[in-house]
Amino acid sequence: MQTPSKEPESSSMTHEEEEEMLYDISKLQEQVQQVSLAQKATESKMDGLRKDVEDKMDGLKNGVEAKMDCLKKGVEAKMDGMEAKVNGMDAKIDCMDDKMEELKINMNKLLQEMVTKCERVLKETHDENKRNVNHDSMDSNVGSKTHHIPKIDMRKFDGRDPTTWILQMEQFFDLNNVQNKQKVRMATL
């Protein structure tokens, strides 16, 4: 099948219309070039702005990282300082524990010495009282009045806390007007 060929239509445009059309086309081409240049300029500005934004973001990021590093170092330094203080306090507590143990040992020694001295004093007083027993009994036989000793409920000395025991005995003796020469005899009972 063949397509019938047509003869080209003759242009019905005049020379003036043709020139006007060429003029319009050249104007359009100028406008397209201007739009293209404007687009390139806009893209260039956008690239510049993008670069500026990226630079500023990098600057902010670096600034934040630097501040974070500085804060981290400050916190670490403070933590090291606190750790040193805690270690110092631990050492002081250990020292106090040692001193408390030493004090406990010294207190036990002192109590032992006091008990020993009290026992010696009691023994010496008891021995002296034995010597004076005959003298006292002779005085009572001769007609001197004897002091009535009330019945007492004393706790016996068990070797612990001699200071409290002695104070209790002294209070009892003071309340009952017990004479000095009778105090040791009563205590030894």
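How many cavities of 30 Å³ or more does the structure hold? The structure, a predicted model, holds one.

## Cavity volume and lining

The space in the largest cavity comes to about 30 Å³. Its lining consists of Cys118, Glu119, Leu122, Phe157, Pro162, Trp165 and Ile166. Sorted by class, these lining residues are six nonpolar and one charged, with no polar residue.

Two helices contribute to this lining with at least two residues each: helix 1, spanning 15–142, and helix 2, spanning 162–175.

## Packing of helix 2 and helix 3

Helix 2 also packs with helix 3, which covers residues 180–188. The angle between helix 2 and helix 3 is about 125°, and their axes lie 11 Å apart. Because of that angle, helix 2 is oblique to helix 3; angles of 65 to 115 degrees would count as roughly perpendicular, and those over 145 as roughly antiparallel. The crossing of the two helices is right-handed.

On the helix 2 side, the contact is made by Trp165, Met169, Glu170, Phe172, Phe173 and Asp174. On the helix 3 side, Lys183, Met186 and Ala187 take part. Together, the contact residues divide into six nonpolar and three charged, and none is polar.

Definitions and conventions. Residues are numbered from 1 along each chain as its sequence is written. This is a predicted model: local features need pLDDT of at least 70, side-chain atom pairs count only at pLDDT 80 or more; totals for chains, interfaces and linings use all residues. Side-chain values use heavy atoms; hydrogens and water are left out. On a 1 Å grid over the protein atoms alone, a cavity is a set of points where a 1.4 Å probe fits but cannot get out, and a pocket is an open set with protein on both sides within 12 Å along at least five of seven lines; lining residues have an atom within 4 Å of a point. Grid points are joined across faces, edges and corners, and a volume is the space filled by probe spheres set on the points. Helices (H or I, at least four residues) and strands (E, at least two) are DSSP runs, numbered from the N terminus. Ala, Val, Leu, Ile, Met, Phe, Trp, Tyr, Cys and Pro count as nonpolar, Asp, Glu, Lys and Arg as charged, and the others, Gly among them, as polar. Axes are lines fitted to C-alpha atoms, for helices over the stretch in contact, and angles run from 0 to 180 degrees between N-to-C directions. Angles under 35 degrees count as roughly parallel, over 145 as roughly antiparallel, 65 to 115 as roughly perpendicular and the rest as oblique. A crossing is left-handed if the near helix is turned anticlockwise from the far one by less than a right angle, and right-handed if clockwise. Contact means heavy atoms within 4.5 Å.
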